[in-house]
Amino acid sequence: MKKFAALALAVLLALSLVACGGKKKEWPTGDITIICPFAAGGAMDRSARLVAEFLGPKLGVNVTVSNVEGGGNWIGYGQVLEAKGDGYILGFSNYPGQVGGYLNPKNNIPHTFKSFTNVADIVHDPGIIAVLPDSPYQTLGDLIEAGKKEALTISTGGATGSDDDVLIRLINQKYGTQFVPGGNKGDSDAKTALFGKVVVAQACNVSNYYDKYNTTGEDAVRVLAVFDNERSSLMPEIATAKEQGIDLVSSSDRGMVACKELDPAVLEKIVNALKEIEKDPKFIETANKQGMGIHMLFGADFEAFIQGVEDNMKSLNLW
Amino acid sequence: MTIWEGISQAFAHLFTLQAALGLVIGVVGGMIIGALPGLSATMGIALLIPITYGMDQTAAILMMAAIYTSAVYGGSISAILIHTPGTPSSAATCLDGYPMTQKGEALHAIGLSTTASVIGGIISAIALLLIAPPLARLSLNFQAPEYFLIAFFGLTLIGSLASGNMLKGLLAGAIGLVVGLIGLSPEVYARFTFGNFKLNGGIDLIPAMIGLFSISQVMVLGEERGKHSSTVKEEAVIQGRFLPPAKEFVGLLPLILECSVVGVFIGILPGAGGDIASWVGLNLAKNQSKHKELFGTGIPEGVAAPEAANNAVTGGALIPLLTLGIPGSSTAAVMLGGLTIHGLNPGFELFSKFAGITYAVIIGFLVANILMGLVGWAAGRYLTKVSKVPIPILLPCIAMLSIIGAYATKQNMFTVYVCLIFGLLGFLMRKYGIPTAPVVLALILGPMADEQIYQGTMQAAGMGGITFFQYMMSRPICLVLLGLIVLGLFSPLISKLISKSYKKKYGEVGEAAEDI
Amino acid sequence: MLKGRIQDLVIGVIAVAIGIFLFIQTKDFPGVTQLFSRIVLIIFLVIGAVLVLTSLINGKKPGPEEVHIKDFKNPMLIFLIILVYVIMIDKIGFFVASAVIMPALMLFMGYRKPIPMIATTIGTLGFIYFLFVTQLHVRLPADLLF
């Protein structure tokens, strides 16, 4: 009888240990999905996939990207916001795109960036202004002087609210220029306009011309300035706007977000994984090969940055 | 680096196992992706890019290019067999392709589509190989005003595309234009969304097209409830052979070549792709035909013309992509991402530093078109068996594929509900004699015209404050396009007047003769 | 004949009504947006109006065939089944919904042979699973089984 009782007790203990072990199993135990509200193949998607590619091995599970488009990106963002806080569904967002989306009252978006858990800013793509090599404008100052005298159109990679568009409006606001933002439908359209010589310049980002700014082929460009606090490692010869006396910064940023109720323990794990990835030379190299600059901001720093973006946009009274 | 130097370097890259695999997978996979409603070449390439990560550059890009041309061809298969365009560029093929299936000529239709697609693709590959740089430079002359006029021109085609009641055809086009207004305007102003942010992106083309063509078709098939007939009218034999008879082929060849050239040209233009080219091709065929009224009943020209044009777009779209880094179509835009991921930055560097790889891809693309034809030929006979499947079995399959196709484009359920609404609309339209094809064309061209007017207005503002109209009139290509539009609009009127006065003259003589 | 022309009249009237309704909405549209929207709506209104006029005027010419509403019964039922299908996909998941609805549609159409029904359903769903889930990694609506 005693032997039996002892055996039963041992089995019970063993079982309870296994059960406890099961409950305490570490996140993640299954595949993670990053929702990217942009089309597959585009810059946002490639950034998300790059992060997924490196995050997977770090966390030991498959990380896949799901392209949920529609509703001006907000169907995808909506799915991120409605996900459970267990960390298996994350999101990828871009700035100022997301901000412009909810600031526009006609869009009927009842959220702001504070509705999300803002995990990290990952890809930082500073704004630039490019002209054709035979353009009369040798410096940013030349262009701005010309812009003060008459209305000139600068093509942009998006309409009102896109980072290129905002940059031009900020320049107008601060320097009294009369630049007309081109309102083009994408970087390709903007590039066509530049090379077709129907605009004087193109406002875009480092990733557009990081390989064409110092070449001499038929598709080379002259970059007048990089609008960042420091020079871009992808275009080290180009002076920043600040260095040239124009105190403006602008960029397109892509980062990771999640729902508000994200488990803090999970958040910490993701942030740590990202911090390690940031130091991985292979990650940086792969990103740079695609023109993506990496500059991570976490938590409060990230939110402060987004707040700055929001304030800038509000000051422009776009809507 | 001359072309011949480039080509000789290409062979080293091309004759590898990986490249061959990439080619084959691309062609076969592309055809399947293209045939499935809702999965387009654009999506296919985008989803398969991760698979290319481990491949070498030539194989990866070659696979993408192979998928592109093969998917555009594959779309015609479902268009012909089940009146469901597999990709937007095959919508025009439905109009005559499906009636041919109903007449039992499915194999003949597929054979025509294959032949035309292969020829179109090869011509575009040759253009890509030999005259890419000058064509790319030419494309830079097309800016917002030109694109606006092209969209306008496309819209005027609607009148002639509507076989039968032209007024109802125009109404369909107008419906498409109004639907195209929904969503954020180019000025980022939400139109007709009635507070629902999910409509901010507007009505997507593919779900609407699946609804209008495919779901409506499912509903039409529903009328056969209780009857055990099959899709094909004559139950017995599938007539026709795969390869078009020599006489027919020779007769169609000028049309196919013409549509191919037009297709290459449309492909070069960054603003226009296969979906527009197929309609332009169909319109060309109609204009030059001596029996216009037969279009829509299942005639060879109605299949060959759009298919030649849409495949010719593929190589054409690669021209500005490779030379300038400006994609010539939305599918090419995804390939731009693919090229970047593989460290190949488009531009003139591709033809100098990476010439070996680039020419390998181009030649491989040429081979892909031929391979695509062979696969189509081999599979054709089996594919046509679909037309013999009893409707009760076929109907749920079409429904399921359509639904999942509509879902897969944007990966959310709202899109599917939109698709259903268009399905109902499409069914009602078909019943009341309003053609559905113009809606699709207007849904593409309306937003395009909208975009281009806006961009053009912005550009004009920076040219000394002129209006869009003045901007347009200052450009020679625009004046040419305007002339073509006017000609196109008034030529049927002019020819009618001429024939009327002709009849009057000889009519009198005829009556006088009778009096005698 | 007459009934057919009344149908056209109704279509035209509906078109004009919708056109006017939307046109009123364009009141607040800015610049180019308003211009383009109004051009489109005017085209729509004109065509609708012409349709109304031609259906009233063309007394002598034959009109279109009358469409019998009772012909709609089966197609509309199919539409309802598909609507239920989509709602089921949303709530229960794609594969379960398809496994239920596909045979249901076949039965609705009057088919009775079980083997082809089951084989087709399993075959096509298997193909979809292979293609979308394993090869393309597309997330299908939340599923009970997958």
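A residue counts as buried if 20 or more other C-beta atoms lie within 10 Å of its own, as exposed if 12 or fewer do, and as partly exposed in between, with C-beta atoms placed from the backbone. This is a predicted model, where local features need pLDDT of at least 70, side-chain atom pairs count only at pLDDT 80 or more, and totals for chains, interfaces and linings use all residues. Residues are numbered from 1 along each chain as its sequence is written, while chains are lettered from A and ligands numbered from 1 in the order in which they are written.

Start with helix 1 of chain B, residues 3–14. Helices here are DSSP runs of H or I with at least four residues, strands are runs of E with at least two, and both are numbered from the N terminus. Which residues of helix 1 of chain B are buried? They are B:Gly6, B:Ala10, B:His13 and B:Leu14. Seen down the axis of helix 1 of chain B, these buried residues fall within an arc of 80°, so they line one face of the helix. The arc is taken over the directions from the helix axis to the C-beta atoms. On the other side of this helix, B:Trp4, B:Glu5, B:Phe11 and B:Ala12 are exposed. The buried residues of helix 1 pack against helix 2 (17–35), helix 4 (57–82) and helix 14 (355–383) of chain B. The length of helix 1 of chain B can be checked too. The expected span of a helix is 1.5 Å times one less than its number of residues. For the 12 residues of helix 1 of chain B that gives 16 Å, and the end C-alpha atoms are 16 Å apart, which agrees.

Is B:His83 buried or exposed? B:His83 is buried, because 24 other C-beta atoms lie within 10 Å.

Now take chain B as a whole. It is divided into domain 1 (3–231 + 240–474) and domain 2 (475–516). Domain bounds come from an automatic or database domain assignment. The C-alpha centres of domain 1 and domain 2 of chain B are separated by 35 Å. Their contact takes 12 residues from domain 1 of chain B and nine residues from domain 2 of chain B. Two residues are in contact if their C-beta atoms, placed from the backbone, lie within 7 Å. On the domain 1 side, helix 7 (144–161) and helix 18 (468–473) of chain B each supply at least two residues. Helix 7 of chain B gives the largest share, seven residues. By class, this side of domain 1 of chain B has eight nonpolar, three polar and one charged residues. Ala, Val, Leu, Ile, Met, Phe, Trp, Tyr, Cys and Pro count as nonpolar, Asp, Glu, Lys and Arg as charged, and the others, Gly among them, as polar.

Chain B also meets chain A. Here 47 residues of chain B are in contact with 48 residues of chain A. On the chain B side, helix 3 (41–48), helix 13 (330–341), helix 16 (413–431) and helix 17 (437–461) are the elements that give two or more residues. That side has 23 nonpolar, 19 polar and five charged residues.

Next comes chain A. Its pLDDT averages 89, and 92% of its residues score at least 70; pLDDT is the predictor's confidence in each residue, from 0 to 100. Over residues 19–23 of chain A the pLDDT is below 50, and this stretch has zero contacts in the model beyond near neighbours in sequence. Where pLDDT is low, the predicted coordinates should not be read in detail.

Two peptide bonds in chain A deserve a look. The bond from A:Trp27 to A:Pro28 is cis, with omega near 0°. A:Pro28 lies in the loop between helix 1 (2–23) and strand 1 (32–36) of chain A. The bond from A:Tyr95 to A:Pro96 is also cis, with omega near 10°. A:Pro96 sits in the loop between strand 3 (89–95) and helix 4 (97–103) of chain A. Further on, A:Asn317 lies in the segment after helix 11 (299–315) of chain A. A:Asn317 has a positive phi of about 50° although it is not a glycine. A:Asn317 is exposed, because 8 other C-beta atoms lie within 10 Å.

Finish with chain C. It has five helices and zero strands. Of its 146 residues, 29% are buried. Chain C is divided into domain 1 (2–57) and domain 2 (70–135). The C-alpha centres of these two domains of chain C lie 38 Å apart.
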